Amino acid sequence: MITSIQGMHAWLLQRLTAVFMLVCFVVAALYFLLSPPQSYEEWRTVVTATPVALALALFFIAVSLHAWIGLRDIIIDYVHRFSLRILVLSLIFIVLFGQTLWLFLVLIKAMHPMTTLL
Amino acid sequence: MQVNIYRYNPETDSAPRTQSYQLDSVVEGAMLLDVLKQIKALDETLSFRHSCGEGVCGSDAVNVNGHNVLCCITAVSDLKQPIEIRPLPGMPVIRDLVVDMSQFYHHYRAVDPYLIVHDPVPEDEFLQTPEQREKLDGLYECIMCGACTTSCPSFWWNPERFRGPAALLQAYRFVADSRDQGTATRLKALEGPYRLFRCHTIMNCVDACPKGLNPTHAIGELKKKMLKDSI
């Protein structure tokens, strides 16, 4: 369970997701600098290509995991009342989970425009 | 010279206060401890700890102008005036500049700061190569003054559960020791979100250490060792 990742595993996962996100940023920056898409259709073709879509999906997961571990660290440091901590952590979890789900749905819709998921 | 000192006696005062002292003259080359002794001669109710006076015992650590220092090796001429002296942050005050360091020592004891050896102990002595001995440099010199731990925000927020830089430096001092055989136990005891991993590499500890040690590096080495041993 994602919420139970602690100690060394959380520390390691935060660093691995940071490296992955950094690589994604560099690749995206190079793409936009060297051969920026000229139209929406061209942009959609690139984004919906299987390797890019897979990388984007992993990127969304990495963002949420990285944010979850980082925000949880801040909450552990500053929010000491148990009930308040549970409440704040639950809200963060719902927002991050919802955000990831929403991004996945956007990606799926881009790949399959006829879908009625949204 | 004006010196503003935190004054608080929990047994009689309802709240802490700052008391200002004016000194007409201070001997040339005076350390802050000399100034405190001079003030003590004027006002014997002022309490502070001190012992060796040479930066070895670590008993006179206080917060001066927002920075944790040892009074006995801090030259007054290097300090911005008026000099603000407060007790070490994040510790319960016993009286004035004297703090209760029980929590600090609890964390120190919790990392088992001694050699753990399972094999039969050699009859005469343990042998180490110069390279093995060199790994202890920068670790064994800690004088346990508490300047690092009490400057660490992670310790301020979780003083009961985060071991703090001084104790973690000691934990690594024994993990790095070629004679010690307790590494697995030591690392297991540091797992979880609090004891080791509350450190966010803020590095206040490095800035505060009067002996120039680097607890952040030791903490990083503990994390690396933990990772290596888990793969």
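Trainee: In this predicted model, how many residues of chain B are in contact with chain A?

Mentor: Eleven residues of chain B touch eight residues of chain A. A pair counts when the C-beta atoms, placed from the backbone, lie within 7 Å.

Trainee: Which elements of chain B supply that side?

Mentor: Helix 4 (153-157) and helix 8 of chain B each give at least two residues. Helix 8 of chain B has the largest share, with four residues.

Trainee: What classes of residue make up the side of chain B that touches chain A?

Mentor: Five are nonpolar, four polar and two charged.

Trainee: Which residues make the contact?

Mentor: From helix 5 of chain B come Pro165(B), Ala166(B), Leu168(B), Leu169(B), Ala171(B), Tyr172(B) and Val175(B). Helix 8 of chain B brings Pro215(B), Ala218(B), Ile219(B), Glu221(B), Leu222(B) and Lys225(B). By class there are eleven nonpolar, no polar and two charged residues.

Trainee: What makes helix 2 and helix 5 of chain B roughly parallel?

Mentor: The axes of helix 2 (residues 102-110) and helix 5 of chain B cross at roughly 15°. The cut-off for roughly parallel is under 35 degrees. The pair therefore counts as roughly parallel. The axes come within 9 Å, and the crossing is right-handed.

Trainee: Which residues bring helix 2 and helix 5 of chain B into contact?

Mentor: His107(B), Tyr108(B) and Ala110(B) stand on helix 2 of chain B, and Ala166(B), Ala167(B) and Gln170(B) on helix 5 of chain B. The classes are four nonpolar, two polar and no charged.

Trainee: What makes Pro82(B) and Asp96(B) worth a look?

Mentor: Most residues other than glycine have a negative phi, and most peptide bonds are trans. The bond from Gln81(B) to Pro82(B) is cis, with omega near 0°. Pro82(B) is in the loop between strand 4 and strand 5 (83-86) of chain B. Asp96(B) is not a glycine, yet has a positive phi of about 50°. Asp96(B) lies in the loop between strand 6 (93-95) and strand 7 (98-99) of chain B.

Trainee: Turn to chain A. What is its pattern along the sequence?

Mentor: The pattern is α-α-α-α, with four helices and zero strands.

Trainee: How do you know that chain A is more spread out than a compact globule?

Mentor: The radius of gyration of chain A is 17 Å. The globule rule gives 13 Å for 118 residues. The value is well over the rule, so chain A is more spread out than a compact globule. Its C-alpha atoms fill a box of roughly 50 × 35 × 20 Å along the principal axes.

Trainee: Why are helix 3 and helix 4 of chain A called roughly antiparallel?

Mentor: The axes of helix 3 (residues 50-78) and helix 4 (residues 82-111) of chain A cross at roughly 170°. Angles over 145 degrees count as roughly antiparallel. The pair is therefore roughly antiparallel. The axes come within 10 Å.

Trainee: Which residues take part in that contact?

Mentor: Helix 3 of chain A contributes residues including Leu56(A), Phe60(A) and Trp68(A). Helix 4 of chain A contributes, among them, Leu89(A), Leu96(A) and Phe104(A). The contact divides into 17 nonpolar, three polar and two charged residues.

How values were computed: Residues are numbered from 1 along each chain as its sequence is written. Chains are lettered from A and ligands numbered from 1 in the order in which they are written. This is a predicted model: local features need pLDDT of at least 70, side-chain atom pairs count only at pLDDT 80 or more; totals for chains, interfaces and linings use all residues. Two residues are in contact if their C-beta atoms, placed from the backbone, lie within 7 Å. Ala, Val, Leu, Ile, Met, Phe, Trp, Tyr, Cys and Pro count as nonpolar, Asp, Glu, Lys and Arg as charged, and the others, Gly among them, as polar. The radius of gyration is taken over C-alpha atoms; the globule rule is 2.2 Å times the number of residues to the power 0.38. Axes are lines fitted to C-alpha atoms, for helices over the stretch in contact, and angles run from 0 to 180 degrees between N-to-C directions. Angles under 35 degrees count as roughly parallel, over 145 as roughly antiparallel, 65 to 115 as roughly perpendicular and the rest as oblique. A crossing is left-handed if the near helix is turned anticlockwise from the far one by less than a right angle, and right-handed if clockwise.
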